[in-house]
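The paragraphs below go through the model, starting with the interface between chains and then turning to contacts within chains.

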Amino acid sequence: MEAAVISQQNSTTAFLKELNLPENATNNQVINDQIKASKERLLNTSLPNKKDEDWKYSKISPWLKKKYSSFRSNDKIDLKQFKSTDLKANLLVFVNGFYRDDLSKISHQQNGVIIQNMTEAIDLFQGDMEAHFSKGIEASFFNDLNTVYHGNGVFIKVKKDSIAETPIHLLHIQTGKANIAQTRNLIILEENSQIEILESQFELNAVDCLSNHVSEYFIGKNALLNYSLIEKGSENALIHTNLFVQEDFSKINSNVFSLENTLIRNNHFAKIIGKDTESRMNGSFMPDVNEQIDNRTLLDHQNVRGFSEEVYKGILFKKSSAIFNGKIFVDQKAQQTNAYLNNSNILMDDSARMYSKPELEIYADDVKCSHGSATGDFDTEALFYLQARGIGIDKARNMLIHAFMDEVLAKIDNEEIRELGKHYLEARMMKIEE
Amino acid sequence: MNTIIKIKNLHASLSDGTEILKGIDLEVKAGEIHAIMGPNGSGKSTLASVLAGREEYIVTEGEVEYLGKDLLDMKPEDRAREGLFLAFQYPVEIPGVSNINFLKTAINEIRAYKGEGPIAAKDFLAMVSEKSKLVELDNKLKNRSVNEGFSGGEKKRNEIFQMAMLDPTLSILDETDSGLDIDALRIVAHGVNTLKTNKNASIVVTHYQRLLDYIIPDVVHVLWNGKIIKSGPKELALELEEKGYDWLKDELITD
């Protein structure tokens with residue numbers, strides 16, 4: 001047993017060795033202490049493995065055996081190839097985790113909206129940073145790894161009573177071989193503020209790369225966050241972590257499109273500390289051959305009268321797998337919580353595997369919570385019905401997949417983002433049909 | 001009269017080898033309505049399914065000539081595009097696909113197959129409004145998801161509505177009367193009778209005679225154990241109603 005622990009720690013050390021952990025990187029003692037704590041935990045934990053319930057079905061292990069380095073790329077990149085850049089937004093581009101000023105475009109400046117490089121924000125917004133940086137986030141291998149490398153990322157602050165007039169688009173591009181890309185973002189919505197954020201992840205000639213992005217969102221009293229995420233890679237792995245901390249009367253709408261990559265792991269948590277909140281988290285995923293898409297979500301109700309609704313839908317093609325670990329936690333104090341969670345999946349082939357585990361953990365007695373999960377084969381009877389009316393088999397299949405995914409799309413208020421999501425879902429299906 | 005469909009010695013099995021159709025011969029000409037009757041398990045629905053192209057049946061012998069073409073060689077969607085229509089015994093619910101969108105897609109796919117452009121929105125809507133009156137289909141149902149939450153009668157009326165919209169050359173009605181009350185039966189039959197011309201034809205598959213009170217067939221065939229054992233004028237249906245199928249089985253054995 002002892003030997004096993006040592007060997008696990010050795011493999012952690014081996015993984016980290018290639019990465020050259022930075023020493024005291026900031027001028028701020030509070031932040032440095034957080035980083036130090038993360039670093040210590042990191043050195044004393046084992047790598048994620050199958051014995052851990054959170055990683056039981058995950059195909060993470062080959063990604064922990066690779067040797068990564070972190071390197072900046074200054075390649076010229078034509079952003080037009082990424083459809084998500086059609087969105088009229090303030091665009092912040094990160095290539096391999098490094099901010100690219102030459103590609104980014106902040107076209108609309110606004111008094112109440114601060115957009116700042118994370119490194120600078122540590123000096124300029126000390127109070128905010130000390131109050132929020134790495135405070136609510138789960139202590140996990142990848143989060144700690146990210147905290148230690150905190151350097152790149154964006155700090156966004158929407159001031160009290162301000163409504164961001166232009167959405168912000170965080171665009172990640174991965175390129176090259178065996179690089180590790182990590183960004184750390186901190187987004188603060190002050191009282192009565194509102195913003196729309198789109199995050200998208202793409203790659204260009206990238207192979208064996210690992211991304212590990214962490215964002216912490218603090219949604220103040222009566223504030224509204226509309227958030228969307230598009231994840232589209234091919235031969236790489238992406239770990240994506242979001243924490244939404246919600247105060248009184250705040251609302252979040254999170255819509256995630258996990259389209260493709262060899263491995264995608266999303267850890268999307270809402271920590272609901274305020275009363276009378278609304279939290280909607282929706283997702284769609286479509287893994288194909290040898291890909292795995294893994295969603296782990298938590299709606300953590302800590303206060304009264306929270307409303308939450310979560311719908312995740314998956315279409316799994318041959319030899320793919322997906323995981324859904326969705327949990328609703330209702331604290332004893334969180335009376336009159338109203339929470340709904342559903343995961344439904346279609347297996348397009350017998351060789352596809354779905355691991356779905358919706359979970360309720362409730363300690364309050366006056367609540368309305370429900371959860372459900374359904375995984376089934378593609379409805380060939382419906383397919384035949386459409387064919388029998390003259391609709392070609394490819395089109396018929398598309399119609400049925402759309403119909404299934406429409407529920408998720410319909411939840412997106414912003415028409416431009418909804419169309420974007422639809423575009424990527426359709427493009428994904430076309431690619432699979434080829 | 002032109003032949004619409006000619007079935008010769010048709011044999012079909014399930015994938016496990018069980019033979020269901022054991023040599024069917026049938027010819028339907030333009031302007032005719034043929035009724036196929038028979039007890040449960042005789043192969044009536046299998047015949048309808050094989051003609052529409054359902055994959056779970058394997059044709060082991062025989063041929064089907066439809067409008068001079070080899071029907072069995074066509075994909076299900078091409079059969080539909082060539083004017084073959086199957087009214088389902090159990091119409092499928094398709095959540096998320098609106099009835100109207102579904103029909104518009106179907107019509108445009110058929111038009112594209114024939115080299116025609118998409119139907120104008122105005123013409124389509126006019127057609128919807130005209131044809132839905134025929135089966136007294138509630139306006140609300142047109143915009144709902146295909147068959148989702150429809151009652152049994154509404155589903156069957158929706159089938160006939162689709163039939164009216166697609167204007168088929170050969171309609172196969174598979175137990176369209178099952179689960180219908182008299183009112184719904186009358187509406188469905190009215191739809192079928194109104195759509196009848198001297199250019200198209202129908203095959204009405206049914207277990208009971210009562211549908212044939214409303215849809216008058218030119219020929220009645222009795223299917224038993226995968227074969228047509230007797231064909232005759234519409235009076236045959238009445239005789240069956242009176243005497244049951246056993247009478248025919250006995251006759252068959254005596255033959």
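How many residue pairs are in polar contact between chain B and chain A, counting pairs with both residues at pLDDT 80 or more? The count is 11. The model is a predicted one, and the pLDDT condition belongs to that count.

The elements of chain B that give two or more residues to the side touching chain A are helix H2 (76-81), strand S6 (84-87), strand S7 (94-98), helix H3 (99-113) and helix H6 (152-166). Of these, H3(B) supplies the largest share, 5 residues. Sorted by class, this side of chain B has 17 nonpolar, 5 polar and 5 charged residues.

In terms of contacts, 27 residues of chain B meet 18 residues of chain A. The area buried between the two chains is about 1900 Å², and carbon and sulfur atoms give 66% of that area. On the chain B side, B:Glu77, B:Phe88 and B:Val92 together supply 25% of the area that chain B buries against chain A, more than any other three residues.

Charge pairing also occurs across the interface. Side chains of opposite charge can pair when their charged atoms come close. Between chain B and chain A there are 3 salt bridges. A:Glu381 and B:Arg54 form a salt bridge through their side chains, at 2.8 Å from N to O.

Over all chains, the structure holds 38 salt bridges. Within chain A, A:Arg41 forms a salt bridge with A:Asp144, and their closest N and O atoms are 2.7 Å apart. Because A:Arg41 lies in helix H2 (residues 29-44) of chain A and A:Asp144 in helix H6 (residues 141-148) of chain A, this pair ties together parts that are 103 residues apart in sequence.

Back in chain B, H6(B) also packs within its own chain. The axes of H6(B) and helix H7 (residues 182-195) of chain B come within 9 Å and cross at roughly 10°. The two helices are therefore roughly parallel, since angles under 35 degrees count as such. H6(B) contributes B:Lys156, B:Arg157, B:Ile160, B:Met163 and B:Ala164 to the contact, while H7(B) contributes B:Ile187, B:Val188, B:Gly191, B:Val192 and B:Leu195. By class, the residues of this contact divide into 7 nonpolar, 1 polar and 2 charged.

How values were computed. Residues are numbered from 1 along each chain as its sequence is written. Chains are lettered from A and ligands numbered from 1 in the order in which they are written. This is a predicted model: local features need pLDDT of at least 70, side-chain atom pairs count only at pLDDT 80 or more; totals for chains, interfaces and linings use all residues. Side-chain values use heavy atoms; hydrogens and water are left out. Contact means heavy atoms within 4.5 Å. Buried area is the accessible area (1.4 Å probe) that two parts lose on being put together, summed over both. A salt bridge is a side-chain nitrogen of Lys or Arg within 4 Å of a carboxyl oxygen of Asp or Glu. A polar contact is a pair of N or O atoms within 3.5 Å; within protein, one must be able to donate a hydrogen and the other to accept it, and residues adjacent in sequence count only if both atoms are side-chain atoms. Helices (H or I, at least four residues) and strands (E, at least two) are DSSP runs, numbered from the N terminus. Ala, Val, Leu, Ile, Met, Phe, Trp, Tyr, Cys and Pro count as nonpolar, Asp, Glu, Lys and Arg as charged, and the others, Gly among them, as polar. Axes are lines fitted to C-alpha atoms, for helices over the stretch in contact, and angles run from 0 to 180 degrees between N-to-C directions. Angles under 35 degrees count as roughly parallel, over 145 as roughly antiparallel, 65 to 115 as roughly perpendicular and the rest as oblique.
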